[in-house]
Amino acid sequence: MAEVRIPTILRTYTGGERVVPATGATVAEVIDELETNHTGIKERILENDEVRRFVNIYVNDEDIRFTGGLATSVADASTVVILPAVAGGAA
Amino acid sequence: MLTIDQETRDAIIAHARQDHPDEACGIVAGPIRSDLPARFIPMLNAAMSPTFYEFDSGDLLRLYREMDDNDEEPVVVYHSHTATEAYPSRTDIDLAGEPGAHYVLVSTRDGADVEGAVMDFRSYRIVDGVVTEEEVRVVDGYADGTTPSTAPSSTAPEATKKAES
């Protein structure tokens with residue numbers, strides 16, 4: 001069982017919960033489990049089966065971009081953090 | 001309405017001048033639900049661009065963890081536009097991820113990057129793609145006695161960068 005930290009903007013899907021449990025051997029499986037319990041959340045995190053460009057996911061403080069993306073393994077008692085990028089600009 | 005103390009407002013303007021012609025960005029954190037921007041945290045613009053800003057993903061994680069530990073939230077998310085007006089762009093609107101925050105924009109265009117020049121300082125709510133401009137009230141300090149801190153936090157990347165340079 002991993003602990004998933006949900007950002008403010010996605011807490012509408014978790015009934016306001018900041019942290020929810022999820023099981024799964026990989027990040028992809030954890031997100032599928034999130035979707036099972038919190039319908040609609042997956043689409044806000046993924047696009048065409050890839051993590052959206054402006055969503056950051058960390059497993060035990062490591063950005064999954066550098067650890068294998070959605071295939072990154074999630075051990076029991078891991079912490080998964082989802083954070084929207086803080087980004088923008090005139091362009 | 002955004003209520004912000006003079007010192008923090010001036011610190012945002014100074015950061016925008018310092019990073020011009022690139023966009024400057026950062027957060028002012030405050031106690032959860034206080035709506036008071038109390039702790040100024042300038043961030044490194046990882047995009048280092050005159051038309052785009054983005055917090056480095058590692059910096060972002062450390063920032064949010066620190067706010068969590070302090071029972072804080074991002075009260076203000078600020079950035080500068082360097083050649084256009086201080087109004088949210090389509091990109092700003094699409095990427096706005098903090099519905100509870102005041103989005104502050106300043107503009108360093110038309111010579112406002114020069115010390116002493118007047119700089120636009122505007123604030124908006126951006127929720128579900130809808131932009132609402134709000135009044136900005138500048139105060140000397142906060143009535144509840146909270147002391148705003150513009151001293152660089154030890155973990156703010158921008159502070160680290162300065163210390164190294």
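Is B:Thr51 buried, exposed or partly exposed? With 17 other C-beta atoms within 10 Å, B:Thr51 is partly exposed (a residue is buried if 20 or more other C-beta atoms lie within 10 Å of its own, exposed if 12 or fewer, and partly exposed in between, with C-beta atoms placed from the backbone). The model here is a predicted one, in which local features need pLDDT of at least 70 and side-chain atom pairs count only at pLDDT 80 or more, while totals for chains, interfaces and linings use all residues. Residues are numbered from 1 along each chain as its sequence is written, and chains are lettered from A and ligands numbered from 1 in the order in which they are written.

B:Thr51 makes a handy way into the structure. It sits in the loop between β3 and β4 of chain B (helices, H or I with at least four residues, and strands, E with at least two, are DSSP runs numbered from the N terminus). Leaving out neighbours within four places in sequence, B:Thr51 is in contact with A:Gly89, A:Ala90 and A:Ala91 (contact is taken as C-beta atoms, placed from the backbone, within 7 Å).

Chain A puts 18 residues into the contact and chain B puts in 25 residues. On the chain A side, β5 (55–59), β7 (79–84) and β8 (87–88) each supply at least two residues, and β7(A) gives the largest share, three residues. By type, the chain A side splits into 12 nonpolar, four polar and two charged residues (Ala, Val, Leu, Ile, Met, Phe, Trp, Tyr, Cys and Pro count as nonpolar, Asp, Glu, Lys and Arg as charged, and the others, Gly among them, as polar). Strands pair across the contact too: β8(A) and β4 of chain B (residues 53–54) run antiparallel over two bridges (two strands pair if DSSP finds at least two bridges between them). In this pairing, A:Ala87 stands opposite B:Glu54.

Over in chain A, β7(A) is largely enclosed by the rest of the structure, because five of its six residues are buried. On one hand, β7(A) pairs with β1(A) in the parallel sense over three bridges, where A:Val4 stands opposite A:Val80. On the other, five bridges join β7(A) to β5(A) in antiparallel fashion, and A:Tyr58 has A:Val81 as its bridge partner. A:Val4 also touches residues including A:Val19, A:Val30, A:Leu34 and A:Ile82. A:Val4, A:Val30, A:Val80 and B:Val106 touch the most other members of the largest nonpolar core, which has 60 residues (such a core is a set of buried Ala, Val, Leu, Ile, Met, Phe, Trp, Tyr and Cys residues joined through C-beta atoms within 7 Å).

Helix α1 of chain A (residues 27–37) has A:Val27, A:Val30, A:Ile31 and A:Leu34 buried. Seen down the axis of α1(A), the buried residues fall within an arc of 100°, so they line one face of the helix (the arc is that of the directions from the helix axis to the C-beta atoms). Among the elements covering them are β1, β2, β5 and β7 of chain A.

Chain B comes to four helices and nine strands, and 45% of its 165 residues count as buried. Six of the strands form an open sheet with mixed pairing, in the order β3-β2-β5-β6-β7-β8. Its edge strands, β3 (39–43) and β8 (130–134) of chain B, each pair on one side only. The twist averages 30° from one strand to the next (axes are lines fitted to C-alpha atoms, for helices over the stretch in contact, and angles run from 0 to 180 degrees between N-to-C directions). Helix α1 of chain B (residues 6–19) packs on this sheet, its direction making about 50° with that of β6(B). Helix α2 of chain B (residues 57–69) lies across β2, β3 and β5 of chain B, at about 145° to β5(B). Within the sheet, β6(B) and β7(B) pair antiparallel over five bridges, with B:Tyr124 as the partner of B:Tyr103.

The peptide bond from B:His20 to B:Pro21 is cis, with omega near 10°, and B:Pro21 lies in the loop between α1 and β2 of chain B. A:Ala77 has a positive phi, near 70°, though not a glycine, and counts as exposed with 9 C-beta neighbours inside 10 Å.

Notes. Two residues are in contact if their C-beta atoms, placed from the backbone, lie within 7 Å.
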